[in-house]
Amino acid sequence: MQILTKFIARLQITLGVLLLVIFLASTLTQVVTRYLGISVLWTEEVAVNSFIWAMFLGAAVMVRENKHFGFDVLTHYFKGTKRSILVIFQNLIMLIFCLLCSLYSVEITQAFWHSRWISIPEFRQGYVWLIMPITFISSSVYLLDNIYNEAKTLSCFKGASWNLR
């Protein structure tokens, strides 16, 4: 599972960086063309949508790295087994949230699938909304991996066969 999550995270980071470059290039194009008095309509939508994709991809990777939203105040007060149980509980809450968001984001993506961009009618709006299921499904996979890794540290699982390397 570790190899799969590492591969997905690298792919998401690479795609996120590429989309940030597209965001910067389209924003720069927009600034330059406005300065020259030329109207380029597509740059705003490309910039916004590439930025949205980059941020959602980055958010999913932050879940893998445990740098996402969390209740750090409580985890600093506990050590050992209590801390591990708290972290697993927090990740389970987030997993439930991500799974529910996955279901609803698939519905939203299907609803907007055939909508068109305003400035580039050839592009479907559904591709923009596709980032939501991608983010929430990959975040769910990362949370499962985090829960598994945290459970391995619990003393009740120290001798389990899946914990041996």
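Q: Not counting residues up to four places away in sequence, what does V87 touch?
A: V87 touches T75 and E150. Contact here means heavy atoms within 4.5 Å.

Q: Before we go on, what kind of model is this?
A: This is a predicted model, where local features need pLDDT of at least 70, side-chain atom pairs count only at pLDDT 80 or more, and totals for chains, interfaces and linings use all residues. Residues are numbered from 1 along each chain as its sequence is written, and side-chain values use heavy atoms, with hydrogens and water left out.

Q: Back to V87. Which helix is V87 in?
A: V87 lies in helix α4. Helices are DSSP runs of H or I with at least four residues, strands are runs of E with at least two, and numbering goes from the N terminus.

Q: Is V87 buried or exposed?
A: V87 is buried, because its relative accessible area is 12%. Buried means under 20% relative accessible area, exposed over 50%, and partly exposed in between, with a 1.4 Å probe and protein chains only.

Q: How far apart are V87 and A151 in space?
A: They are 9.5 Å apart, C-alpha to C-alpha. In sequence, V87 and A151 are 64 residues apart.

Q: And L86, where is its place?
A: L86 is in helix α4, residues 80-112. L86 has 15% relative accessibility, so it counts as buried.

Q: What is L86 in contact with, leaving aside neighbours within four places in sequence?
A: L74, T75 and F78. L86 and L154 are 12 Å apart in space, C-alpha to C-alpha, and 68 residues apart in sequence.

Q: What about T109, buried or exposed?
A: T109 is buried, because its relative accessible area is 5%. T109 is found in helix α4 too. Leaving aside neighbours within four places in sequence, T109 is in contact with G126, W129, L130 and P133.

Q: Now the helix packing. At what angle do α1 and α6 pack?
A: At about 145 degrees, with their axes 11 Å apart. Helix α1 covers residues 2-36 and helix α6 covers residues 131-151. Axes are lines fitted to C-alpha atoms, for helices over the stretch in contact, and angles run from 0 to 180 degrees between N-to-C directions.

Q: Which residues meet there?
A: From α1, Q2, T5, I8, A9 and Q12. From α6, I134, S138, V141, Y142, D145 and N149.

Q: How mostly covered is α6, how many of its residues are buried?
A: In α6, 15 of its 21 residues are buried. Helix α6 reaches 30 Å from its first C-alpha to its last, close to the 30 Å expected at 1.5 Å a residue. The expected span is 1.5 Å times one less than the number of residues.

Q: And α2, how many residues does it have?
A: Helix α2 (residues 42-64) has 23 residues. It reaches 34 Å, close to the 33 Å expected.

Q: What is the phi of N66?
A: The phi of N66 is positive, near 60 degrees. N66 follows α2.
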